[in-house]
Amino acid sequence: MATGATRYVREQFLDALFRGGSWPALPGNLYLSLHTADPGDAGANEVGASDYARLALPRTTADWTRSDDGLGMTWVENASDITFPSPVADWGTVTHVALWDAATGGTCLWTGALAAPVTLNAGSAGLQIPAGQLRLPVRGAG
């Protein structure tokens with residue numbers, strides 16, 4: 001799976017930078033979704049349980065940090081823990097996450113695989129992504 005910005009984000013960026021386009025307005029929050037298989041550019045395979053909802057993540061410097069590994073890669077990372085609630089219904093085995101521009105529907109902006117699959121069934125603990133573990137690459141070397 002290609003982890004990172006979706007085709008939509010890449011095309012919007014290139015159009016704004018090189019072709020005189022404008023960057024679309026962004027919401028106050030991004031929304032994190034859980035997926036049971038690779039979401040691809042469209043955000044497919046999102047958990048569909050009745051008690052599941054995307055988590056709102058504020059777009060602030062207090063909520064996201066930026067770091068450079070010194071080898072040409074720059075990352076944006078969550079500054080604090082992100083926690084989905086304990087499921088009431090079975091959510092299945094979650095393998096991927098995605099960032100969206102809306103709480104429902106919207107446009108999938110970024111996708112990535114979890115380090116290891118997590119099974120979230122009724123009564124299990126909610127999924128927690130510790131601070132610094134949602135790492136989004138924003139630039140690669142050469």
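How many bridges join strand E2 to strand E7, and do the two run parallel or antiparallel? This is a predicted model. In it, five bridges link E2, residues 29–35, with E7, residues 92–100. The two strands run antiparallel.

Strands of a sheet pair through backbone hydrogen bonds, in parallel or antiparallel fashion. Here the sheet is open and has five strands. Their order is E1-E8-E7-E2-E3, and the pairing is antiparallel. Strand E1 (4–5) and strand E3 (55–58) form the edges. Each of these edge strands pairs on one side only.

Next, the whole chain. The protein chain holds one helix and 10 strands. Along the sequence the pattern reads β-α-β-β-β-β-β-β-β-β-β. The radius of gyration is 16 Å, close to the 14 Å that the globule rule gives for 142 residues, so the chain is as compact as a globular protein of that length. Along the principal axes, its C-alpha atoms fill a box of roughly 50 × 30 × 30 Å.

Among contacts with a separation of 6 or more, 70% are between residues 24 or more positions apart. Of the 142 residues, 32% count as buried.

The accessible surface of the protein chain is about 7,800 Å². Carbon and sulfur atoms account for 55% of that area.

Terms used: Residues are numbered from 1 along each chain as its sequence is written. This is a predicted model: local features need pLDDT of at least 70, side-chain atom pairs count only at pLDDT 80 or more; totals for chains, interfaces and linings use all residues. Side-chain values use heavy atoms; hydrogens and water are left out. Two strands pair if DSSP finds at least two bridges between them. Helices (H or I, at least four residues) and strands (E, at least two) are DSSP runs, numbered from the N terminus. The radius of gyration is taken over C-alpha atoms; the globule rule is 2.2 Å times the number of residues to the power 0.38. Buried means under 20% relative accessible area, exposed over 50%, partly exposed in between (1.4 Å probe, protein chains only). Contact means heavy atoms within 4.5 Å. Accessible areas come from the Shrake-Rupley method with a 1.4 Å probe; for residues, only the protein chains shown count as cover.
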